[in-house]
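Morning, everyone. Let me put the model on the screen, and then we'll walk through it.

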Amino acid sequence: LRAIKLSKDKLSIGAAAKHYEVATSPVVRAALPALAYLAIQIGDQQVRNMGTIGGSLANNDPNADYPAAALALNAVIVTNRRRIKAADYFQGLFSTALEDGEIVTRIVFALPKQAAYEKFPHPASGYAMTGVFVAVTSRGVRVAVTGAGQGVFRWTKAERALGKNLAPDALAKLSVDAAEMNEDMHATRAYRANLVNVITRRAVAKLAPAA
């Protein structure tokens with residue numbers, strides 16, 4: 001349950017692997033450095049040494065980091081019963097496709113050509129007030145956003161724009177619908193909508209320029 005294995009174009013991580021283990025794994029750092037970077041940004045040292053990737057995905061907190069990576073990388077969540085595609089797994093606020101008695105055993109990520117993660121963390125908890133994972137795959141660019149809405153979601157307008165021009169400026173005139181964002185004591189809907197654009201542009205800036 002804690003094994004981290006690389007097989008061709010797939011990276012498999014056991015559900016009980018702790019955030020710190022994902023962040024420092026030589027396998028993850030070589031094959032998918034954006035995921036290692038994501039893991040080292042989670043919470044604080046105590047959280048990273050106790051929390052697990054499977055626990056995070058099973059809980060599906062709307063501000064969690066891993067859901068963005070899972071959705072952007074077209075991951076498969078493997079349980080004791082079946083394999084669930086990330087697109088079908090996340091079902092809204094603290095809700096997943098898991099059934100009673102079903103346990104996450106590992107997560108299989110499809111390796112991208114390149115990827116980057118960036119977030120605006122809450123200063124106390126470290127949770128993502130907005131986090132964006134951008135993945136350049138053989139089938140195009142995928143952009144997954146966490147922390148801003150009721151759950152992780154793909155920003156398809158950004159994906160199309162980046163498919164034509166893989167540069168931050170491609171997003172200059174794009175925006176998400178503020179009405180669909182979260183609003184609480186920490187940020188308004190409009191503020192989070194703006195963060196989605198800003199953080200996505202920062203993530204894209206970390207990618208290698210398109211050839």
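Which residue takes a positive phi in the hairpin of β1 and β2? Lys8 does, with a phi near 55°. That hairpin has two residues between the strands. Before going on, a reminder: this is a predicted model.

β1 and β2 are antiparallel, and four bridges pair them.

Look across from Gly14 and you find Arg106 in β5.

Is β2 enclosed or open to solvent? β2 covers residues 10–14, and four of those five residues are buried, so the strand is largely enclosed by the rest of the structure.

Zoom out to the whole sheet. There are five strands, in the order β1-β2-β5-β3-β4. The sheet is open, and the pairing is antiparallel. At the edges sit β1, residues 4–7, and β4, residues 83–85. Each of these edge strands pairs on one side only. On average, neighbouring strands in this sheet are turned by 20° against each other, ignoring direction.

At the β4 end, the partner is β3, residues 76–79. Three bridges join β3 to β4, and the two run antiparallel. Val76 has Lys85 of β4 as its bridge partner.

Next, the helices. Thr200 lies in α9, which spans residues 189–205. Its relative accessible area is 0%, so Thr200 is buried. What does Thr200 touch? Leaving out residues up to four places away in sequence, the list is Val132, Val134, Val143, Trp155, Leu171 and Leu195.

Compare a loop position. Ala172 sits between α8, residues 156–164, and α9. Ala172 has 47% relative accessibility, so it counts as partly exposed. How far apart in space are Ala172 and Arg189? The C-alpha to C-alpha distance is 19 Å, for a separation of 17 residues in sequence.

Last stop, the surface. Tyr20, Tyr37 and Ile40 make a nonpolar patch of about 250 Å². Of these, Tyr37 belongs to helix α3, residues 33–40. Why is Tyr37 classed as partly exposed? Because its relative accessibility is 31%, and that class runs between the 20% and 50% cut-offs.

That's the tour. Over to you.

How values were computed. Residues are numbered from 1 along each chain as its sequence is written. This is a predicted model: local features need pLDDT of at least 70, side-chain atom pairs count only at pLDDT 80 or more; totals for chains, interfaces and linings use all residues. Side-chain values use heavy atoms; hydrogens and water are left out. Two strands pair if DSSP finds at least two bridges between them. Axes are lines fitted to C-alpha atoms, for helices over the stretch in contact, and angles run from 0 to 180 degrees between N-to-C directions. Patches are made of residues with over 30% relative accessible area and no salt bridge: like charges are joined within 9 Å, nonpolar side chains (Val, Leu, Ile, Met, Phe, Trp, Tyr) within 5 Å. Accessible areas come from the Shrake-Rupley method with a 1.4 Å probe; for residues, only the protein chains shown count as cover. A salt bridge is a side-chain nitrogen of Lys or Arg within 4 Å of a carboxyl oxygen of Asp or Glu. Buried means under 20% relative accessible area, exposed over 50%, partly exposed in between (1.4 Å probe, protein chains only). Contact means heavy atoms within 4.5 Å.
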